[in-house]
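Hi everyone, thanks for coming.

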Amino acid sequence: MSQPHLRTVVVLAAGEGKRMKSALPKVLHPLLGRTLLGHVLTAAAPLTADRTVVVVGHGADQVRAHLAEIAPTATPVLQAEQLGTGHAVRIALEAVPETAGTVVVINGDVPLLRAETMAALVAAHEGDGAAATVLAAEVPDPTGLGRIVRGADGRLEQIVEERDATPAQRALREINAGIYAFDSARLRDALGKLSTDNDQGEEYLTDVFGLLGSAGEPVTVHVAPDHTETLGCNDRVELAALRRLLRDRVNERWMRTGVSLLDPETTWIDVTVALDRDAVVDQNTQLRGGTVVGGGAVVGPDVTLIDSVVGPGATVLRSHAVGAEVGAGASVGPYAYLRPGARLAEKSKVGTFVEVKNSELGAGAKVPHLSYVGDATIGARANIGAATIFVNYDGVDKHRTTVGEAAFIGCDTSLIAPVEVGPGAYVAAGSAIAQDVPAGALGVTRAPQRNIDGWVARRRAGTRSAEAAQRARESATGGASAAREGEAIHDRAEGGGPASGAGHTASD
């Protein structure tokens with residue numbers, strides 16, 4: 001049984017990325033759920049390296065903090081002065097002097113790199129017993145990239161940076177992807193021989209290939225199956241292009257596993273999201289973070305879900321959710337906002353213009369319209385009327401409200417926490433409930449209605465309201481006069497009159 005190879009991964013993440021024009025280090029810019037650096041580390045993870053070294057420089061403290069979150073076992077090494085890629089690798093290896101076996105070097109800005117491609121590169125390198133192997137790609141436009149220069153026999157002769165290339169070399173379309181595998185001992189030896197005799201006055205890691213080749217050491221080229229994997233990022237235009245490519249890759253993968261994406265070009269799914277078969281994602285939808293969508297659920301159009309779970313068969317329409325759970329068969333939206341801690345049980349409903357925060361809805365419970373539910377527990381099959389407010393904050397502390405099973409809250413109600421409405425209880429519309437309502441009771445706090453006649457004429461004279469009220473009074477008065485006149489005509493037609501009418505009344 002062969003012994004496992006010793007491996008070290010070195011990620012070059014010290015550059016400032018001036019063309020990004022950002023206070024954020026380039027490798028920390030996000031791309032569908034991970035930073036550029038996070039994507040690279042994920043691609044390298046299946047190599048099961050004995051150690052991972054990340055060379056940091058610009059924004060070193062920010063990069064270190066990010067590494068502590070996503071790769072706490074990685075070792076950050078500071079390159080105080082950016083003196084070239086060769087210099088960066090040399091100080092990385094100086095920080096881990098016991099390194100042996102294979103050293104894999106990766107630029108920190110190649111987020112589309114696949115783990116399968118990394119594994120194939122390292123397997124080819126170790127299988128060939130090479131001193132050094134470069135990952136190459138055939139690209140439509142090689143502008144700005146280092147070229148792979150081969151000899152007549154097809155073997156690698158050298159890697160030339162564009163600024164140092166001849167016109168003939170610049171015409172080559174096979175480029176250096178900035179990803180390498182080296183034999184550790186031979187790499188260390190070659191790094192000590194690097195020169196700064198070039199256009200930039202830097203130590204180029206690519207010169208190692210020329211040094212090893214001149215010494216008769218085997219150097220090889222491994223070609224990536226898809227050149228887009230090797231694309232780097234120098235500015236925000238290129239970052240946006242990478243985002244679109246990754247979107248298409250992610251979307252294609254989900255559709256091939258049985259998920260329906262009705263408009264893939266407007267659907268953005270983070271690489272950290274999970275979708276079950278037969279889930280449906282409609283247009284203009286973003287699924288981010290640790291979001292999970294169950295089978296048969298329909299999400300969208302116009303939905304954003306962040307770190308949220310949508311159960312099987314649930315529906316989320318034109319809504320925004322962060323850290324929420326939507327149970328099987330539940331319904332959300334349109335225009336709902338689920339904040340962290342919102343937990344909706346099966347077949348519950350949160351409807352139009354409803355906000356839910358840190359609250360649980362029991363099975364079949366409904367909050368259909370225009371309500372705020374904060375810090376609440378709502379029992380199964382309870383119904384919350386339109387414009388109900390769970391008044392959870394007293395200016396200092398938050399308090400909880402409990403609504404029991406099958407309780408009914410009338411429209412335009414304020415539930416002033418801490419308060420409990422018991423199972424099966426009713427609350428009359430327009431009430432402000434500050435005391436518990438026992439099970440099966442009716443809670444009412446409305447004052448009796450009284451109408452003050454003529455108030456508008458006295459207090460709002462000359463307004464449109466006053467004019468409308470006057471017309472209504474005149475119309476009503478005119479109608480009453482017409483009715484009296486009609487009665488008189490009727491009496492005369494029957495031969496009666498005031499005297500006979502009076503007699504008729506008396507005879508009754």
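Let's start with lysine 193 and aspartate 189, whose side chains form a salt bridge with 3.2 Å from N to O. Keep in mind that this is a predicted model. Is lysine 193 buried or exposed? Lysine 193 is exposed, because its relative accessible area is 52% and the cut-off for exposed is over 50%.

Arginine 186 has a relative accessible area of 24% and aspartate 183 has 22%, so each counts as partly exposed.

On to another pair: arginine 339 and glutamate 355 join their side chains in a salt bridge, at 2.8 Å from N to O. Which parts of the chain does this pair tie together? Arginine 339 sits in the loop between strands S25 and S26, while glutamate 355 belongs to strand S28, so the bridge links parts that are 16 residues apart in sequence. Arginine 339 is partly exposed at 25%, and glutamate 355 is partly exposed at 24%.

There is also a network of salt bridges, connecting Arg90, Glu94 and Glu203. How many salt bridges does the whole structure hold? A search finds 23. Disulfides are another story: the structure has 0 of them. As for cysteines, cysteine 233 is buried, with 0% relative accessibility, whereas cysteine 411 is partly exposed at 41%.

In soluble globular proteins, nonpolar side chains tend to be buried together. Here, the largest nonpolar core has 59 residues, and those touching the most other members include Leu287, Val293, Leu305 and Val310. Elements giving two or more residues to this core are helix H8 and strands S19, S32 and S38. Helix H8 gives the most, with 5 residues. Domain 1 (7–230) and domain 2 (258–443) each supply at least three residues to this core. Apart from this core lies another one of 32 residues, with Ile91 and Leu187 among them.

Let me zoom in on valine 293. Beyond its neighbours within four places in sequence, valine 293 contacts residues including Leu287, Leu305 and Val310, and Ala279 is also one of its contacts. Ala279 is touched by serine 260 as well, along with Val280 and Val281, again leaving out residues up to four places away. Serine 260 lies in strand S12 and is partly exposed at 34%.

Note on methods:
Residues are numbered from 1 along each chain as its sequence is written. This is a predicted model: local features need pLDDT of at least 70, side-chain atom pairs count only at pLDDT 80 or more; totals for chains, interfaces and linings use all residues. Side-chain values use heavy atoms; hydrogens and water are left out. A nonpolar core is a set of buried Ala, Val, Leu, Ile, Met, Phe, Trp, Tyr and Cys residues joined through side-chain atoms within 4.5 Å. Buried means under 20% relative accessible area, exposed over 50%, partly exposed in between (1.4 Å probe, protein chains only). Helices (H or I, at least four residues) and strands (E, at least two) are DSSP runs, numbered from the N terminus. Domain bounds come from an automatic or database domain assignment. Contact means heavy atoms within 4.5 Å. A disulfide is a pair of cysteine sulfur atoms within 2.5 Å. A salt bridge is a side-chain nitrogen of Lys or Arg within 4 Å of a carboxyl oxygen of Asp or Glu.
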